[in-house]
Amino acid sequence: MKTFFLSMAGAFVAMILFVIVGFMMLFGLILTAASSKPPSPDQVVLSLDLNYGLPDQAPTGGLAAFSGVPGFTDILVKLKGAEQDKAVKGIYLRGSMIGIGTSRAEELRAALKEFKASGKFVIAHTQGMIGMGGPSAYHSISAADEIWMQPGTDFMINGVTFETEFLKGLFDKIGLTPQIYAFYEYKNAPNSYNETSFTAPHREALESLATSIWDTALTDIAEDRAMTMPAMKALLEAGPKSADQALEAKLVDKLGWPEDAEDAALEKAGENAELVDLNYYTAPPSKAKIKDGVIAIVGGEGAVVTGGSQSDSPFSEPPAFASDNIARALLDAAEDEDVKAIVFRVDSPGGSPTASDQIWRAVERVKEKGKPVVVSMGSLAASGGYYVSTGADAIVANRSTITGSIGIFGGKFAIEGTANKLGVTFDTVSVGGEFANAYGVAPFNQAQEAEVKAQLKRGYDRFLTLVGEGRDMTYDQVHEIARGRVWSGAQGKENGLVDEIGGFMTAITKAQELAGMDTSHLPVLAYFPQRRSGFEALEGLFGVSAETVRAAAVLSAVVGDDRTKALIEELAIADSVNSGQSMAMGPRLRER
């Protein structure tokens, strides 16, 4: 029996190793299929396809982490590093047909302009724009030296539209009573349940926000295309145009197919130039050393929630803005002697006040350690997203970032009436005071409603107090710009909610400044929590040690599998650094 058990255990381990090696051979095949030559061309054109969406920050769990999927912020860091790479001559962009988001388009445009200022070129190609994503499809490539457009397609750039569904009419018909209370009139989320159309404050806030975002895009695009803003506004607001009409209006520079634009980029780069996917590119090492100081990067994306994640399932990802995880990452970074400052990247529509409060306190603890915290706001940092940001030493946002929404709401849906319409009735036995059954199926009584509103008001007051402390404002000053209202980053800069306009790279420079570091080059970046290498990701996926994975890889290499051997080298490099920046240049997509 014992022998049988050991044999089964050995077979199980062998099976695991077989699966691991299979994964490694598969990824090795992908990485080396394009060429057997070392991926270090002398003339490089980077490529980036904007039709494939990226998370704001690289995944930290599940199969996505194992695959090394970069985040949008990683792309910005890679572009910055490429400015100093003599082999890189330019970048070829495949423009998004729908759009990449207004704030992200603004941030990418700024990175491309700096890339161009370093002496590189930018060539973009679009297969048409269908106008569903506002101006971001065009805004993201407008800074290109050349914009190519596929013949026979359409150029359609819509303005900025916010469309909200209202459910009160439905609720009235089915007897459902929404008892959702907002503090205050601009906190518009409950309007979907309580109203049949926009209230005056709701409409005012959205119209102001849309105008700010639209004007930001128009100003940038007009500058890039050497037009006046009114002229660009008239062109884009005139409606869809054919490719020929877009060329005639000088909205694009050339008509051609993707391979034509690709050929033009390779020809411009020089003889024997090669195309390298930016996702796999690694810039030469920065002049910065660890002894010069490290900037820690902590990121949160999505809804702010309490707790953390213990799941090791390869098919699940941990919540990207779980309070335990983010607070722990901030505190760990504060304890690291090499870390001189922290950039906290926030991309969140908000969430739990309790979770937000926990993260806010972690930021305060970091500051108590004497280490500056700079918040970099992504596409949105509103409500709880602003809550976790407010204590930072500096807040950096794009002009079209959606921020603010300093307010709170809560309550319940009383479903008793709906159930009654279906013949369902309820009776209640309640012990423990008048509030014991407050969140049952029946509507709040008068006393319960008063208690719920008082609780929400305390939450609002705490939120405003913390904003006031962080932004050096009085309660009344904060209340004037709060009341649940959303603002653009540009508006936030004007009303004191934002310190500086800029993106992720601007926030890194700001952190260097506050830490007294040299800002002439990119610092060493350390990600908290530490990003998993390929070996560590496999360990988490299959429940075996990283040493076992390495051993399996070595065995495979010994028997002569060149693809796996190449992958071992790739993973070994990734395994040796915290920053995740050492992935080799990767597959050449095309050689000219």
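Leaving aside neighbours within four places in sequence, L236 is in contact (heavy atoms within 4.5 Å) with Y138, F155, I157, W214, L218, I221 and L251. L236 is also one of the residues with the most contacts inside the largest nonpolar core. The structure is a predicted model, in which local features need pLDDT of at least 70 and side-chain atom pairs count only at pLDDT 80 or more, while totals for chains, interfaces and linings use all residues. Residues are numbered from 1 along each chain as its sequence is written, and side-chain values use heavy atoms, with hydrogens and water left out.

**Overall composition**

- The protein chain has 22 helices and 20 strands; these are DSSP runs, with helices being H or I of at least four residues and strands E of at least two, numbered from the N terminus.
- Of the 592 residues in the protein chain, 47% are buried, where buried means under 20% relative accessible area, exposed means over 50%, and partly exposed is in between (1.4 Å probe, protein chains only).
- Among contacts in the protein chain between residues at least 6 apart in sequence, 76% join residues at least 24 apart.

**Nonpolar cores**

- A nonpolar core is a set of buried Ala, Val, Leu, Ile, Met, Phe, Trp, Tyr and Cys residues joined through side-chain atoms within 4.5 Å.
- The largest such core has 60 residues, and L46, I91, Y138, F155 and L236 have the most contacts inside it.
- Helix α3 supplies the largest share of this core, six residues.
- A second, separate core has 53 residues, including A329, V388, V467 and L497.

- In α3, 10 of the 11 residues are buried, so the helix is largely enclosed by the rest of the structure.
- The buried residues are F72, T73, D74, I75, L76, V77, K78, L79, G81 and A82.
- These residues pack against β1 (44-49), β2 (88-94), α4, β12 (339-348), α19 (504-514) and β19 (524-528).
- E83 is in the loop between α3 and β2, and counts as buried because its relative accessibility is 11%.
- Beyond its neighbours within four places in sequence, E83 is in contact with E114, F115, S118 and K120.

**Packing of α3 with α4**

- Two packed helices are described by the angle between their axes and the distance between the axes.
- Helix α3 (residues 72-82) and helix α4 (residues 102-117) pack at an angle of about 10°, with axes 9 Å apart; axes are lines fitted to C-alpha atoms, for helices over the stretch in contact, and angles run from 0 to 180 degrees between N-to-C directions.
- The two helices are therefore roughly parallel to each other, a label for angles under 35 degrees, whereas over 145 is roughly antiparallel, 65 to 115 roughly perpendicular and the rest oblique.
- On the α3 side F72, L76, L79, K80 and A82 meet R104, E107, L108, A111, L112, E114 and F115 of α4.
- By class, this contact has eight nonpolar, no polar and four charged residues; Ala, Val, Leu, Ile, Met, Phe, Trp, Tyr, Cys and Pro count as nonpolar, Asp, Glu, Lys and Arg as charged, and the others, Gly among them, as polar.

**Helix α11**

- The 12 residues of α11 (residues 258-269) should span 16 Å at 1.5 Å a residue, and the end C-alpha atoms are 17 Å apart, which agrees; the expected span is 1.5 Å times one less than the number of residues.
- Its buried residues are P258, A261, E262, A264, A265, L266 and A269.

**K367 in helix α13**

- K367 is found in α13 (residues 353-368) and counts as partly exposed because its relative accessibility is 28%.
- Leaving aside neighbours within four places in sequence, K367 is in contact with V373, G391 and D393.
- K367 and D393 are 26 residues apart in sequence and 8.2 Å apart in space, C-alpha to C-alpha.

**Backbone geometry in loops**

- The peptide bond from F183 to Y184 is cis, with omega near 5°; Y184 lies in the loop between β7 (177-183) and α7 (191-194).
- F528 and P529 are also joined by a cis peptide bond, with omega about -5°, and P529 is in the loop between β19 and α20 (534-542).
- K250 is not a glycine but has a positive phi of about 65°; K250 sits in the loop between α10 (243-248) and β9 (254-255), and at 59% relative accessibility it counts as exposed.
- S383, also not a glycine, has a positive phi of about 55°; S383 lies in the loop between β13 (373-382) and α14 (384-387), and at 13% relative accessibility it counts as buried.
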